Amino acid sequence: MPAPLKNDRFLRALRREPVDCTPVWLMRQAGRYLPEYRATRAKAGSFLAMAKNPELACEVTLQPLRRFPLDAAILFSDILTVPDAMGLGLYFVEGEGPKFERPIRTAADIARLAVPDMETDLGYVMDAVRTIRRELDGSVPLIGFSGSPWTLACYMVEGGGSDNYSKVKSLALNDPAAMHKLLDVTTDAVIAYLSAQHQAGAQALQVFDTWGGVLSPAMYREFSLRYLQRIAAELPRGEGAGRAPLILFGKGNAPYVEDLASSGAEAVGVDWTIELSDAARRAGGKVAIQGNLDPVTLYAEPDAIHREAGRALDSYRDGNGGSREGHVFNLGHGMSPDMKPEHVGVLVDAVHQLSMR
Ligand code: CP3
């Protein structure tokens, strides 16, 4: 039996229940800005070796929690584990980010794709989830995650990062039927992956639609939103009090807050280009809202970090009928390797202190 949760603020906020103060966690809270992360990574030899070793993945997941009173842990892994398990051959080039040995370029490539087996092909992820749940010992909830179908397709077709997404957008424009086939099998894989993480012990689930915002509105609706809606509708994630809330995060998703709020997901994560009062108003109380401090704020001095945290908290409250309920504080996107660890401490304390009732 897993230990009962000592700090359930994060899950309560996702259910829009009252909390003593606003919960906070940070995207990419485990990473190169922490010297202890760099030490573990050096010992492992590479990022992938670390992510594929459940004990080391657990160790780096817990590192930020030992320093800061964060209200959730996020599984240490990567969104690209799924296409890797589908046979694309993930590797990293120092300074260039992720790459695939066998990118998807043709209808024949797409026809060969299948949903990977969660306990054999991705067993190392499920082992990491089980190990982390055990080591957390009920201190805070554990978030599992996946990339969105569109964002995964971007990497699968481009073969790595991209400046203009010309290959994946061309495929969508030239052969929409093939693109939908790719997105369909990827959506099936994402649903199986998130469901397996939930069964292994993840208490909340987040989908990262990092590149949805590079699409025109018509293409966003056809190639990203539609599949996010399918995940929200079909993902098995438990019922009642044991239900794992689903958070749909997207960079550049501000124009679509209403659509995302009616998708059936429990929460919508937004970036810093939307005022939180606006996001809360437009979500209309249907979902919790997660976000949305500009991550670059962490480069500023402590006074500015404190002030901006207060501004974001108050903005949410103003758009949510004067109540802080239903807000999970986060950055609008991930942390960077050259950020100061002390500034994370300043932010986390500011959020708790300024939202305390
Ligand atoms: O938030 C967390 O602490 C959990 C861990 C996490 C990582 N990647 C670890 C990681 C999560 C949630 C991700 C998701 C991810 N991976 C996304 C979506 C989130 C987002 O930022 O929008 C994307 C687009 C990826 C693909 C990816 N993996 C990129 C672009 C990179 C960075 C390459 C680089 O060299 O900067 C990675 C590698 C990666 N994933 C690192 C970490 C900590 C850096 C690896 C290292 O130690 O060198």
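**Figure 1. The largest pocket of the predicted model.** The largest pocket has a volume of about 1,200 Å³, in a model that is predicted. Its lining is formed by 38 residues. Of these, Arg28, Arg32, Phe47, Asp78 and Phe92 lie nearest the centre of the pocket. Two or more lining residues are given by each of the elements α2, α3 (47-51), β2 (90-93) and β3. The largest share comes from β2, which gives three residues to the lining. Sorted by class, the lining of the largest pocket has 21 nonpolar, eleven polar and six charged residues.

**Figure 2. The ligand and the shell of residues around it.** The ligand sits in the largest pocket.

**Figure 3. Polar side-chain atoms facing ligand oxygen atoms.** For Tyr37, a polar side-chain atom lies 2.6 Å from an oxygen atom of the ligand. Arg41 likewise places a polar side-chain atom 2.6 Å from an oxygen atom of the ligand. In the case of Thr210, the distance from a polar side-chain atom to an oxygen atom of the ligand is 2.6 Å. The ligand taken alone exposes 880 Å², and the protein buries 89% of that area.

**Figure 4. The cis peptide bond between Gly291 and Asn292.** The peptide bond that runs from Gly291 to Asn292 is cis. The omega angle of this bond is near -5°. Asn292 has its place in strand β8, which covers residues 288-293.

**Figure 5. The backbone at Asp137.** Asp137 is not a glycine, yet it has a positive phi of about 50°. The place of Asp137 is in a loop. This loop lies between α7 (123-136) and β4 (142-147).

Methods:
Residues are numbered from 1 along each chain as its sequence is written. This is a predicted model: local features need pLDDT of at least 70, side-chain atom pairs count only at pLDDT 80 or more; totals for chains, interfaces and linings use all residues. Side-chain values use heavy atoms; hydrogens and water are left out. A polar contact is a pair of N or O atoms within 3.5 Å; within protein, one must be able to donate a hydrogen and the other to accept it, and residues adjacent in sequence count only if both atoms are side-chain atoms. Accessible areas come from the Shrake-Rupley method with a 1.4 Å probe; for residues, only the protein chains shown count as cover. On a 1 Å grid over the protein atoms alone, a cavity is a set of points where a 1.4 Å probe fits but cannot get out, and a pocket is an open set with protein on both sides within 12 Å along at least five of seven lines; lining residues have an atom within 4 Å of a point. A molecule sits in a cavity or pocket if more than half of its atoms lie within 2 Å of its grid points. Grid points are joined across faces, edges and corners, and a volume is the space filled by probe spheres set on the points. Helices (H or I, at least four residues) and strands (E, at least two) are DSSP runs, numbered from the N terminus. Ala, Val, Leu, Ile, Met, Phe, Trp, Tyr, Cys and Pro count as nonpolar, Asp, Glu, Lys and Arg as charged, and the others, Gly among them, as polar.
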